[in-house]
Amino acid sequence: MLTYTTIMADSETLECVTEHERILQEIESTDTACVGPTLRSVYDDQPYAHKRFMEKLDARIRNHDREIEKMCNFHHQGFVDAITELLKVRADAEKLMGQVTDTNRRLQEAGKEVTARTEEVVCCRLQQRNMATTVERLQLCLPVLEMYSKLKEQLQTKRYYAALKTMEQLENVYIPRVGQYRFCQIMAENLPRLRDQIKEISMSDLKDFLESIRKHSDKVGEAAMKQAQQHRTFNSAVSRQASAGPYSRPLFTLNGRGREALNGQALDDMVEEEEEVLTAQDLVDFSPVYRCLHIYTILGDRETFENYYRKQRKKQARLVLQPQASMHETVEGYRRYFNQIVGFFVVEDHILHATQGLVTRAFTEELWNMALSKIIAVLRTHSSYCDDPDLVLELKNLIVIFADTLQGYGFPVNRLFDLLFEIRDQYNETLLKKWSLVFREIFELDNYSPIPVETEEEYKLVISRFPFHDAEIEKQDFPKKLPMSQSVPQIYTQVKEFIYASLKFSESLHRSSTEIDDMLRKSTNLLLTRTLSGCLQNLIKKPHIGLTELVQIIINTTHLEQACRYLEDFITNITTVSPEAVHTTRLYGLSTFKDARHAAEGEIYTKLNQKIDEFIQLADYEWCMAESDGRASGYLMDLINFLRSTFQVFTHLPGKVAQTACMSACKHLSTSLLQMLMDSELKQISMGAVQQFNLDVIQCELFASSEPVPGFQGDTLQLAFIDLRQLLDLFMVWDWSTYLADYGQPTSKYLRVNPTTALALLEKMKDTSKKNNIFSQFRKNDRDKQKLIETVVKQLRSLVNGMSLHS
């Protein structure tokens, strides 16, 4: 155990000695300021380790002392020899110092006179040099003063560009030569103020220029648009005469750019006309902007000038793009608006090409894109207020000239032509509204009677306006009548006028014949299917339009329908597009006039029934009369006479319209008469009243058998009264046994008599018998017959109840 402890102690002592050795080496090789942490580590180790470290440190110090002592002993003899040599040299040095002092004294005494003379020479030379320097400095200062005087004169005469050049020479050449003088410093300090003054003056001139071009933009634009219009007219003439293609560049310029070299008298005339038109240089003085640009360029502040100019022009662009509130009222309002915009961009194009970098193509394109969006929005809004097609057409022409003008300066205008298609739809809408009024006026002034023709000239005049051909009518002698009324040729002529008006908008839109043909056909379809159809429908529904007018309307629509193919040919002749083309739109006139005709036919049926109802309302039966008058009622005879005269007019109707109207009238008359018998307010009916009613029905049957409208086969028209006839026969013959026995059989004599109807009428006659009317004799003379009536009533009720259960 003791041995192990001893070994461990020796091991720890060895480690401690090694660590102290490392610390001592670190102290010897480290800067004094960094010794602290090293020494602290001695105290952080084992207890009492610092004592051993101190012992180790003392040993190291003694070791170094021995080495220092050895080194001093080694060099001591050399040091002693050096001191001995220095003592020998000191005596010679003192001797030499005495000799130098004596020599200096003798030299100073000998040079006193030379020194005095030399000072006099130096003074004269100094004065002479000062005089030469003064002359030299004055010669340097005179050009500076002359240049400054020249600068003042240039400023007074407003020659600012030359003044800036003079300032530049002063600063770079003259003032640096004499910059040490006070007056030159004052000049140098004053030059920046003069530059600022020139900048302010030139900026004021620029503002005046901007105000000037704002005022003259409309005149510049007017001149440019006038030149564009002349160019377009000239190109059209050249195209017609020499089949030459359109020119891609404008003849109108600000500085002669872009004029095409063409030969011919037409061009000479065109050039002469153009020379009469003022250009932008004639209307606007551009020198202020050039001068200001040069001044700011010289001053090194060109970027500020460019930013200011562009900012101001953007503001002016926004002002130019703001329309007047009443612009949409007249074409002049639109013209002024376009002139201002064109003038603005013509000036910008001139600035773009006349200056280098003041405005760039990117800047003008940015302005144009902003302006184009605003222009389209303004035109879309203001054109929507316009309801005059002539004004819309003039607006279209202005937009085309406006687009052609700016396109000549390289601005893209495709969106303007897209806008024209929107305005074209609006133009068509205004045309439709206008022609709606035209059609209504034609219908209101029409007499709805065939056109009388007294002479062949009148006949040719009519067929020149409307394509009418009828061999039978042509063979007739004059005077004669054409089947349609005067509104038909007027309507046909107005449809052609509408096509012409619609075509006007398609001109100069740079569209193919196929597209123009499609536009014309679509707008014509709208006119036929919406405007004309609507006017016809409204006309047909008007209360004052009677049966005669409706008949004439049907005849008119038939002829208009037949004329639709001539309208197709009319459009084809205008556009030269074959109707057999793949994408050619067909006209919908056939369906339009068919629908109108069907509406008129329906209105005829309705008005005829209404007229019948008016006559029916005049009926004044004595339902409790003992016996009939022996003749038909007066109201019914008047009704039949009305129907006869009306159906005579219907003979002119095409197809089976007259037959349908006649059958509809007879059915309605039969139904109305039956409803009169079944009226819930009618409580009692006598046999005499039934007999009188039977006489009226007989007159109706006679009317039906007289064939008021040709074309009915057999007794087809009389079948309209078959229900009434069988009902009245049942009561007149009093054949209840047969009715009850054969009820439900296909061969029944009274097949069309409904048990409910028979029961209701019998109930009304039964109530009359109770009040001593016709059945009073039965009660007195034959009570069995009264029982028979009761039995019939019971059987009819059972039939009615059976029908209800079966249903």
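Me: How many salt bridges does the structure hold?

Reply: The structure holds 22 salt bridges, where a salt bridge is a side-chain nitrogen of Lys or Arg within 4 Å of a carboxyl oxygen of Asp or Glu. Bear in mind that this is a predicted model, in which local features need pLDDT of at least 70 and side-chain atom pairs count only at pLDDT 80 or more, while totals for chains, interfaces and linings use all residues. Residues are numbered from 1 along each chain as its sequence is written, and side-chain values use heavy atoms, with hydrogens and water left out.

Me: Where do Glu603 and Lys541 lie?

Reply: Those two form a salt bridge, with the closest N and O atoms of Glu603 and Lys541 3.5 Å apart. Glu603 lies in helix 21 (residues 589-617) and Lys541 in helix 18, so the pair ties together parts that are 62 residues apart in sequence. Helices are DSSP runs of H or I with at least four residues, strands are runs of E with at least two, and both are numbered from the N terminus.

Me: Is Glu603 buried or exposed?

Reply: Glu603 is buried, at 9% relative accessible area, whereas Lys541 is exposed at 54%. The cut-offs are under 20% for buried and over 50% for exposed, with partly exposed in between (1.4 Å probe, protein chains only).

Me: And which residues do salt bridges join into one network?

Reply: Asp102, Arg105, Arg106 and Glu109, through salt bridges that share partners.

Me: What about Glu332 and Arg335?

Reply: Their side chains meet in a salt bridge at 3.3 Å, N to O. Both residues sit in helix 11 (residues 331-354), three residues apart, which is about one turn of the helix. Glu332 is partly exposed at 39% relative accessible area, and Arg335 is partly exposed at 32%.

Me: OK, switching to packing. At what angle do helix 14 and helix 18 pack?

Reply: About 35°, with their axes 9 Å apart. Axes here are lines fitted to C-alpha atoms, for helices over the stretch in contact, and angles run from 0 to 180 degrees between N-to-C directions. On the helix 14 side the contact includes Trp435, Ser436 and Phe439, and on the helix 18 side it includes Thr531 and Cys535. Contact means heavy atoms within 4.5 Å.

Me: Where is Ser436, and what is it in contact with?

Reply: Ser436 is in helix 14 (residues 414-445). Leaving aside neighbours within four places in sequence, Ser436 is in contact with Thr531 and Cys535. Ser436 is buried, with 12% relative accessible area.

Me: And Ser533?

Reply: Ser533 is in helix 18 (residues 513-541) and is buried at 11% relative accessible area. Not counting residues up to four places away in sequence, Ser533 touches Leu527, Leu528 and Thr592. Ser533 and Phe593 are 60 residues apart in sequence, and 7.3 Å apart in space, C-alpha to C-alpha.

Me: Last one, the whole protein. What does the secondary structure come to?

Reply: The protein has 29 helices and two strands. Of its 807 residues, 41% count as buried. Among contacts between residues at least 6 apart in sequence, 78% join residues at least 24 apart.
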